[in-house]
Amino acid sequence: YNYFYNEKGELVDTKNQKKFVFQGQKHYEDLSFEVHRFIQNHLVEHYKMEEVWLPLGKAEEEKANNIFISKDFGENKKGCLLLIQGTGPVRAGVWSRAVCINENLELGSVFPFIEWANKHDLSYIVFNPNLTRNPKTKKPIPGNTSMEKHCLYVWKNFMIDCPAKHYFMVAHSAGGGCASKLFSAAEEDFKKKVIVLALTDSWFTSYKSKAWVKEHVVHFQASSYPLGTELPSYDIYPTVSAGHPKHEYATGAAREKIFDLFESRRKGIFQFNKAIQFSSLKL
């Protein structure tokens, strides 16, 4: 396709180094497939992640959903970072294919989050909730027939026995709905292990334990206000600006404040107003 990612993580033309130019939907879809493949190869080759095919214990031809886990996932006791994307044509490792194509990998992929996890010696796992049908047979993938069922499958088969003491979770868009389902299905285990949940232009609707939700969930909402500005919240958890008005940019744009939040929780600070300094909204 005559494109490559330069040292800035920007997709540029091999001939003139100019950024991507739209050439029709089929070309865009084909290029998106290659971008996904590049990012997933990078997870394995650069970050040394293990690609695991689901469902487990099935014949090879039935395994059609791939997730990625860090090489120390089964041994690291310190903590684990869980990354859940939103709905749509995106696959594991990508928050937004449009951002990866039109902007850069720093904003559109999970790479910065993995870098943060490596810096703090945490294990990590990348979910793949949108791949619900076998690309070859077009049949539903057993145990992974919806976003929510995929996340439940991964939780039951990987997270329950994960040795990490604490979980740090990022859920973008409909990924927050998946986190809600996980909370409802495994409330006690969820509350015990997840010490912070960062929502990015998303939602969380499990209110069985309002006190826990209020102290452990922070919503980074797409907004034109500066990153970290406290916004009016219509939920019991605090809401702040993600630092970008577009939905698909929210996770990448908010990453530094998310890392600050995670770092404070690593240090055992659980009250929102003490955990991280945000700016007040001036109307």
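Predicted model: local features only at pLDDT ≥ 70, side-chain atom pairs only at ≥ 80, totals over all residues.
**Helices and a sheet: a quick tour**

- The strands build an open sheet of 9, with mixed pairing, and their order is β3-β4-β6-β5-β7-β8-β9-β11-β10.
- At the edges you'll find β3 (50–54) and β10 (230–231), each of which pairs on one side only.
- Take a look at β4 (residues 65–69) and β6 (residues 123–126): they pair in the antiparallel sense over 2 bridges.
- Which residue of β6 does phenylalanine 68 stand opposite? Valine 126 is the one.
- Helix α1 (residues 25–45) also packs on the sheet, where α1 touches β3 and β4. The direction of α1 makes about 40 degrees with that of β4.

**Helices α5 and α6**

- For α5 and helix α6 (residues 175–185), the axes come within 9 Å and cross at roughly 50 degrees.
- That angle is why α5 and α6 count as oblique to each other.
- Their crossing is right-handed.
- On the α5 side, Met147, Glu148, Cys151, Leu152 and Trp155 make the contact, while α6 brings in Gly175, Cys178, Lys181, Leu182 and Ala185.
- Sorted by class, this contact of α5 with α6 has 7 nonpolar, 1 polar and 2 charged residues.

**Helices α4 and α10**

- Helix α4 (residues 111–119) packs with helix α10 (residues 255–266) at an angle of about 25 degrees, and their axes are 11 Å apart.
- Are α4 and α10 roughly parallel or roughly antiparallel to each other? They are roughly parallel, because angles under 35 degrees count that way.
- The crossing of α4 and α10 is right-handed.
- Pro112, Phe113 and Trp116 of α4 meet Arg255, Ile258, Phe259, Phe262, Glu263 and Arg266 of α10.
- By class, that contact of α4 with α10 comes out as 6 nonpolar, no polar and 3 charged residues.

**Aromatic rings**

- How many aromatic pairs does the structure hold? There are 18.
- One of them joins tyrosine 3 and phenylalanine 20, with ring centres 5.8 Å apart and planes at 50 degrees, so this pair is tilted.
- Tyrosine 3 sits in strand β1 (residues 3–5) and phenylalanine 20 in the loop between β2 (11–13) and α1, so the pair ties together parts that are 17 residues apart in sequence.

Technical notes: Residues numbered from 1 in each chain as written. Heavy atoms only, no water. Axes fitted to C-alpha atoms, helices over the stretch in contact; angles between N-to-C directions. Helix = DSSP H or I, 4+ residues; strand = E, 2+ residues; numbered from the N terminus. Parallel < 35°, antiparallel > 145°, perpendicular 65-115°, else oblique. Left-handed = near helix turned anticlockwise from the far one by under 90°. Contact = heavy atoms within 4.5 Å. Nonpolar A, V, L, I, M, F, W, Y, C, P; charged D, E, K, R; others polar. Pairing = 2+ DSSP bridges. Phe/Tyr/Trp six-rings, centres within 6.5 Å; stacked < 30°, edge-to-face > 60°.
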